[in-house]
Amino acid sequence: MIDVTGLVVSYGSATALDHVTLSIRPGEMVALLGPNGAGKSTLANTLAGLLTPASGTVTVHGRLALIPEGRQLFPDLSVADNLALGGWRSGQRDPAPVYTLLPRLAELAPRRAGVLSGGEQQMVAFGRALMSHPDVLVVDELSLGLAPNVTSGLARHLVELNRERGLTVLLIEQNARLAFELCERAYVLESGRLVAEGDCADLAGDPRVAGAYLGGAIT
Amino acid sequence: MSAFLGYLLNGLAVGCAIALIASGLVAVHRVTGVVNFAQGTFAVVAGLCVSSLLGLGLPHGLSEVAAVLVAALAGLLTGLAAIGRPGTTPLSSLIVTLGVGVLAYAVEIVLWGDQPRSAPGLAGSVTVAGARIQTQHLLVIAVTAVTFVLLALFFGRTYLGKALTACASNPYAARVVGLDVRRLGLLAFALGGLLGGIAGVLVTPLRPISFDTDVTLIVNGFAAAVFGGLTRPVVALAGALLLGVAETMAAGYGYGAHQLEVALGLMLVVMIVRAGRRSTIHQEAV
């Protein structure tokens, strides 16, 4: 579904991604872990076609939607308008199917996106991404700044879409516990390079990964 | 009293023309972040075009529409020069629009010469509460009112208008959902040209237009647009009306030579007040 080979992305003279190679199969839910500044968002933006690689190849089969870090809504527009604009690529402007999946959004529809709580904004960003009928969903920091109960609610929807509708998901997270709980496989990115990859269960048992991302607790 | 009312009504008409220039500036700045200093040029191009087309015997209506469309095309070409190249910063684009304005001088002088040109508008005048107001002034007020209502409907109700607002609101998010920010920016420039063109065809019957009239138009339009922080068209409209009335009053009561200074003075005061406010907010945030 996603094939990345030897990807290099630079900002001027600084290299943000250094020969990254990864592959995600259709219907998989894969995590990408890493500390701040590791290049996770750069990878997300490159997959979404917003950044041009210096070298390497990125192949995405099907339509990819990105839930960007920090939600990135249109604060001056209503929730309904935010959702409608999410359908710019697909041509679907009616948010009714998204309301069926996320009924809370129907209640929020007339409100300005900028005045909503963090959890509500993340739900709008989620709904807006779904409006484009994606085959692949890249979620950049689902849990950032959200209460655990809000995160788990959104995670439940994500798992449901993955298991019941076959949506391929790349979950970019700093919260490794959440990522390991939701995903089958994971990649670990540090300073622009992939330093580990494998099944989540194996990675959770790896002392280096556990030390760095699970506070030393090997689960 | 009737003199005061006359100045007030004429001032509102002058303010409406300024508002059209300002709304063009706001439309371009909201979507692209660029201050388009060629905005006055679009009005000049439309004014000169309408004088030529009417001179060639084309009927009213058709001439004005054609002139406005030429101004919209000029807006689009300016946009291509200013933001056509990906990665151009708003500051670089601003310099390009200044360059386009200077280039336009040369083109206008070659095509129309350097002498002011006028065009016939609506003849006659009406008396309102003892004050005489030219019918053309009423037309300017009416067309501006309709234009602002249509603009509000376009930006507030249509999908394309909301996409333009989205580009202004969060350009990164606009790209995330697949909006072509550059193409929509070009559309904003064309819209700016259209609005400038409407101002041009309305003003030309009231005051002769020459290649360098854009300076007065852009100074006034910019003053009004700054009033609304270059992002709020309705506040820019209020600023433009205030400016128009202030200038007409100044001219009416014997300070006609200082109209431009009134605009510049007002712009300076607004900018100083806004700058003061912003630093206060910034300090609070820190």
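I take helices (H or I, at least four residues) and strands (E, at least two) as DSSP runs, numbered from the N terminus. I am working with a predicted model, where local features need pLDDT of at least 70, side-chain atom pairs count only at pLDDT 80 or more, and totals for chains, interfaces and linings use all residues. Residues are numbered from 1 along each chain as its sequence is written, and chains are lettered from A and ligands numbered from 1 in the order in which they are written.

I found residues 7-28 of chain B to be 100% helix and 0% strand, with 31 Å between the end C-alpha atoms. For residues 65-84 of chain B I noted 95% helix, 0% strand and 26 Å between the end C-alpha atoms.

**Where chain A meets chain B.** I found 18 residues of chain A in contact (C-beta atoms, placed from the backbone, within 7 Å) with 14 residues of chain B. On the chain A side, helix H2 (residues 79-86) gives the largest share, four residues.

**Val128(B).** I located Val128(B) in strand E1 (residues 125-128) of chain B. Leaving out residues up to four places away in sequence, Val128(B) touches Leu5(B), Leu9(B) and Ile133(B). I also checked Arg30(B), 98 residues from Val128(B) along the chain: their C-alpha atoms are 38 Å apart.

Technical notes:
Contact = placed C-beta atoms within 7 Å.
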